[in-house]
Amino acid sequence: MGCVSIACIAYENGRFFVAHRNPSGDMGGRWEFPGGKVEEGESDEQAVVREMSEEFGVTVTVCERIGESEFTHNGKVSKLHAYRILLPYNGMKKKFILTEHSGYDWVEPDEIQKLYFVDSDMRIYPQVLSYIESLKNGK
């Protein structure tokens, strides 16, 4: 089995927080739910907090796990675990500090399919949508 990666799902006021990757490197120039690889000896929750701190300069609150999927990257099968997160602020008036991304935005659910999104996130996106629907319906 390959590695485990985490996707950080912030959803507020009917919109998702998405980030645009820097143009260079793996999956450069594509949109994504922020996240990254879980490192050796680290829990998923610790990885969520570390990745958001490294990539955006914020300390987030980790909520429940939304779903999981598998994807193949460079010939290795990897798992992707999606977690709902709460950001301390929305990054619009007070900007986030970007290290891995050229920008970010808050988008409505139907806008995600129009963006050039990374494949692994699109695999888990149906579960994310189901989760959001369950929130709207009060579970």
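Me: What does the side chain of Glu32 make with the side chain of Arg21?
Reply: A polar contact, at 3.0 Å. That term means a pair of N or O atoms within 3.5 Å; within protein, one must be able to donate a hydrogen and the other to accept it, and residues adjacent in sequence count only if both atoms are side-chain atoms. This is a predicted model: local features need pLDDT of at least 70, side-chain atom pairs count only at pLDDT 80 or more, and totals for chains, interfaces and linings use all residues. Residues are numbered from 1 along each chain as its sequence is written, and side-chain values use heavy atoms, with hydrogens and water left out.

Me: Is Glu32 buried or exposed, and why?
Reply: Glu32 counts as buried because its relative accessibility is 6%. Buried means under 20% relative accessible area, exposed over 50%, partly exposed in between (1.4 Å probe, protein chains only).

Me: New topic. How many aromatic pairs are there?
Reply: The count is 13. Rings of Phe, Tyr and Trp (its six-membered ring) pair if their centres lie within 6.5 Å; planes under 30 degrees apart are stacked, over 60 edge-to-face, the rest tilted. One of the pairs is Tyr11 with Phe16, tilted, with 4.8 Å centre to centre and 55° between the planes. Both Tyr11 and Phe16 are buried.

Me: Which residues do ring pairs link into a cluster?
Reply: Phe17, Phe56, Tyr89, Phe96, Tyr104 and Trp106. Both Phe96 and Tyr104 are buried.
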